[in-house]
Amino acid sequence: MRVGVLTGGGDCPGLNAVIRAVVRKGVQEYGHEFVGFRDGWRGPLEGRSIRLDIPAVRGILPRGGTILGSSRTNPLKEEDGIRRIKDTLARQRVGALITIGGEDTLGVAARLSDEYGVPCVGVPKTIDNDLSATDYTFGFDTAVGIATEAIDRLHTTAESHMRVLVVEVMGRHAGWIALHSGLAGGANVILIPEQRFDIEQVCAWVTSRFRASYAPIVVVAEGAMPRDGDAVLKDGSLDSFGHVRLSGVGEWLAKEIERRTGNEARTTVLGHVQRGGTPSAFDRWLATRFGLHAIDAVHEGDFGTMVALRGTDIVRVPIAEATAQLKTVDPELYTEVGVFFG
Ligand code: F6P
């Protein structure tokens, strides 16, 4: 069989590890051939593909990004999108499509599979770790490692100047990166999108930290919102899945903290540094296992499913189940880490 592979949405470390595992096992064990579609759903929409064989995937395991390219193209918003995808698959004699993506890319795969008969198998990726039905997505561990290292470094400069340092991390709807890196890095305040924050309370924690003669580190997810306000946006633009561009809450917080407490504050926005570069060992392990199990699902004709991590096992779940609802931080978990605030 000829199998198509695409990577969609925001890139993340580990995408190449999945592609490598799919191709290695698919060719060696099952004798399948592969077509790599370029730039997410844009590839099958426009018929743009590259050769994907064992030589093409040599040496890519530790490489960040994706050799296939990615985009946030939504084929359901394109004129004749479904028909164009089906035509490309037929023309290229592709009998199955492995879609590696987050909630948006996999949401499209679920509909293509369940409603339009396009045989898809999903692989969950996102640094945000906000996909239901899997304990972890790959990319998350790497992002948390990068954010934790940044927080460690910011502690020493914050203390030299006795300043507040606000660290803005990614996380549009879910505060997993903020929570894990904030806990691992010993932050004094962690703010997540799931719980609106009270700026007075944040300032009280900052002040109490200074009273103990230490400089506070405030970790904030880009989607966190003050109790009496809205998310801070970069600009008003929307992507083709209708998402606004975030970032700005870190700057806003630093200004408010300075104004209200009189303490000097600075902001570091980690941004795409969290998504770039080589995957951690855990993400290489997870991405590789996802790839091996995804090609098994294709080989067995188990379409409309997504591979997922449950404990230490890789299982299959309906893609639609994974994309129906985001996995957000449980209020009890957030309360648990609150003992370190202030
Ligand atoms: O979905 C992953 C993510 O990294 C989010 O945390 C972030 O809001 C978004 O992508 C940024 O997307 P872009 O690179 O398109 O600006």
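For the residue classes used in these legends, Ala, Val, Leu, Ile, Met, Phe, Trp, Tyr, Cys and Pro count as nonpolar, Asp, Glu, Lys and Arg as charged, and the others, Gly among them, as polar. Keep in mind that this is a predicted model.

**View 1. A look into the largest pocket of the predicted model.** The space in here comes to about 710 Å³. There are 31 lining residues, and those closest to the pocket's centre are Arg72, Met170, Arg172, Glu222 and Arg275. Helix H5 (103-116), strand E6 (164-169) and strand E10 (244-246) are the elements that each give two or more residues to the lining. Sort the lining by class and you get 14 charged residues, 10 polar ones and seven nonpolar ones.

**View 2. Helix H1 meets helix H10.** H1 covers residues 15-30 and H10 covers residues 281-299; their axes come within 7 Å and cross at roughly 40°. That angle is why H1 counts as oblique to H10. As for handedness, H1 passes H10 in a right-handed crossing. On the H1 side, look for Ala17, Val18, Arg20, Ala21, Val22, Lys25, Gly26 and Tyr30, which meet Arg284, Ala287, Thr288, Gly291, Leu292, Ile295, Asp296 and His299 in H10. By class, this contact of H1 with H10 holds eight nonpolar residues, along with four polar and four charged ones.

**View 3. Helix H6 packs with helix H7.** Here H6 (residues 140-161) and H7 (residues 176-184) have axes 8 Å apart and pack at an angle of about 45°. The two helices are therefore oblique to each other, and the crossing of H6 and H7 is right-handed. From H6 come Phe140, Ala143, Val144, Ala147, Thr148 and Ile151. Their partners in H7 are Trp176, Ile177, His180, Ser181, Gly182 and Ala184. So what classes of residue make up the contact of H6 with H7? Eight are nonpolar, four are polar and no charged residues take part.

**View 4. Helix H8 packs with helix H9.** With axes 10 Å apart, H8 (residues 199-211) and H9 (residues 249-261) pack at an angle of about 70°. Angles of 65 to 115 degrees count as roughly perpendicular, so H8 is roughly perpendicular to H9. The crossing of H8 and H9 is right-handed. To find the contact, pick out Ile199, Glu200, Val202, Cys203, Val206 and Thr207 of H8, then Trp252, Leu253, Glu256, Ile257, Arg260 and Thr261 of H9. The residues in this contact of H8 with H9 split into seven nonpolar, two polar and three charged.

Notes. Residues numbered from 1 in each chain as written. Predicted model: local features only at pLDDT ≥ 70, side-chain atom pairs only at ≥ 80, totals over all residues. Heavy atoms only, no water. Axes fitted to C-alpha atoms, helices over the stretch in contact; angles between N-to-C directions. Helix = DSSP H or I, 4+ residues; strand = E, 2+ residues; numbered from the N terminus. Parallel < 35°, antiparallel > 145°, perpendicular 65-115°, else oblique. Left-handed = near helix turned anticlockwise from the far one by under 90°. Contact = heavy atoms within 4.5 Å. 1 Å grid on protein atoms, 1.4 Å probe; cavity = no way out; pocket = protein on both sides within 12 Å on 5 of 7 lines; lining within 4 Å. Points joined across faces, edges and corners; volume = space filled by probe spheres on them.
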